[in-house]
Amino acid sequence: MSDFQVVQTPHSKIRTPRRAVAAMFVLNGAYYGIWASRVPAIAQQHNLGEALLGVLLLCMCAGAIVSFPVTGRMVDKYGSAQVTKRIALLYGASLAALALVPNVWMLGLALVAFGAAHGAMDVSMNAWAGEVERHEGKPIMASFHAMWSFGAGLGAASGYLAVKLGAVPMTHFLTGAVICLALTLPFGLIRWVSPTVAPSSTKKKAPLLAIPKGALAFVGIIGFCSSMGEGGMGDWSAVFLVQVAQANEAIAALGFAAFSATMVIMRLIGDKIIARLGAVRAARISGVLAASGSLLAVAVANLPAILIGFALMGLGYALVFPLMFSRAANDDQLSPGAAIASVATLGYGGGLLGPVLIGFLAELLTIRLAFLVLSTLALAIVILAPYLAPVSENRHSDMPAKPE
C-alpha cells in the first residue's frame, strides 16, 4: 500500500474531500430511502403477500452480503474513491431497474442487484471516509453517517411527494435516480487518489468470505449487537407500542420517529464527542444509553417511558457503526477494503437476524420480554468497547498530506 492516501489536486472551496464523501453518503441514503418509500406500491404492482415480500427483501440483503468481499478486493486494487464513484452509477441503474421488471422472478433478481450495489457502495464509501478522516486528523466518521440518514430522509420524503403527485414507481425511480446523481456526483468528482494494495504487500489478502478474524472479529460483534438493535427497532418498535402501551397506529409510528431523530442528532454532534472522550469511552457510553433505553421501555412500559426509552436507544446506537468503520479502516492486519468488508458482513447479519429473533421470542414469550435481548446486546457493546480503540501503530498518523 502507498505510504499515504491523500494525493489530490487543488480543488475549489466548495468541492472538498470531506464534502465529496458526504455527498456519496447522501446519495447512498437517498437511493435506499426512495426504494423504501415505495415498497407498498411495488408490492401492490406485483400482488405480493407479506411472506413473498419478506423473501424478496432477503434477496436484497443477500446481494449486499455477497458484494462485500468482492468490493473489498476492488477497493484494494483500484482505490476506494474510484470504486465509489463507479458503483454510484450502477446503484442508480439498479434503482431504476426495480420499477421496470415485468414479474416477480425478475424483481427478485433486480433486488439482488440493488442490494449488491447498495452494499458495495457502503463498503467503498466507508473506506473513502476513513481516508478522509485520517487526512483531516480528527474524528469525522459520525457526520458522514448522519449524512446517510439525511439522504434516506430525503428519499423517503420524495416518496411522499411522488404519491401525492400520483407518480408511479417507474417515474419516481427514474427521476429520483437522475436528480440524485446530478446533485451529488459533481461533489465527488475531485482528484483523490486512494491507496492500492500491491501483490507483494505484506498485508494479509482478503478472504474469500468476508468474515472478520482476531481483534476485528470483536469489532464486528460490536456492530452485530448494534445492528440487531437497529433492525429490531425498525421492524418491531411500532408493534411494541401497540401491544405494550395500547397505542393506536398513528402514535405507534412515533416510536421509530423518536429513535431515528435522536440517532441523527447524535451523529451530527458525535465527532466532537468522540474527539473529546475517545473511541472506547464513547462506545461504552453508547452501550449504556442503548441498554438503559431498552430497559426503561421494558420496565416502565407506559407510553412516555417507552418513547423516552426509544429515544435513548437512538442516542446509544448512533455512534457504534461510525466507530466500527473507523477502527476497521485503520486496522493493522488487513487492508481497509478487506477489513471494512469483513465487519460489514457481521453488521448486516445483525440487521437480518434481529427482527427474526425478536419475532420468535415475542411469539414464545411476549414482545416486552423479547426486547430484553437488545438490552443484553447493548451491554455487550460496553464490555467489548476496548476493541474499538485505535490500533497501536496508525499507518498514517504521522504523515502529512501531499498535493499531487
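Predicted model: local features only at pLDDT ≥ 70, side-chain atom pairs only at ≥ 80, totals over all residues.
Local features are reported at pLDDT of at least 70 and side-chain atom pairs at pLDDT 80 or more, whereas totals for chains, interfaces and linings use all residues. Residues are numbered from 1 along each chain as its sequence is written, and side-chain values use heavy atoms, without hydrogens and water.

The chain contains 15 helices and two strands, taken as DSSP runs numbered from the N terminus (helices H or I, at least four residues; strands E, at least two). Of its 404 residues, 53% are buried (under 20% relative accessible area with a 1.4 Å probe, protein chains only; exposed is over 50%, partly exposed in between). Among contacts (heavy atoms within 4.5 Å) with a separation of 6 or more, 86% join residues 24 or more positions apart. The accessible surface of the chain is about 17500 Å² (Shrake-Rupley method, 1.4 Å probe; for residues, only the protein chains shown count as cover), and 69% of this surface belongs to carbon and sulfur atoms.

Buried residues of α10 include A279, A283, G287, A290, G293 and A297. Just after α10, A301 adopts a positive phi of about 65 degrees.

L295, F360, L364, L365, L369 and L372 make up a nonpolar surface patch with about 560 Å² of accessible area together. Patch members have over 30% relative accessible area and no salt bridge, with like charges joined within 9 Å and nonpolar side chains (Val, Leu, Ile, Met, Phe, Trp, Tyr) within 5 Å; a salt bridge places a side-chain nitrogen of Lys or Arg within 4 Å of a carboxyl oxygen of Asp or Glu. L364 belongs to helix α13 (residues 336-364) and counts as exposed because its relative accessibility is 56%.
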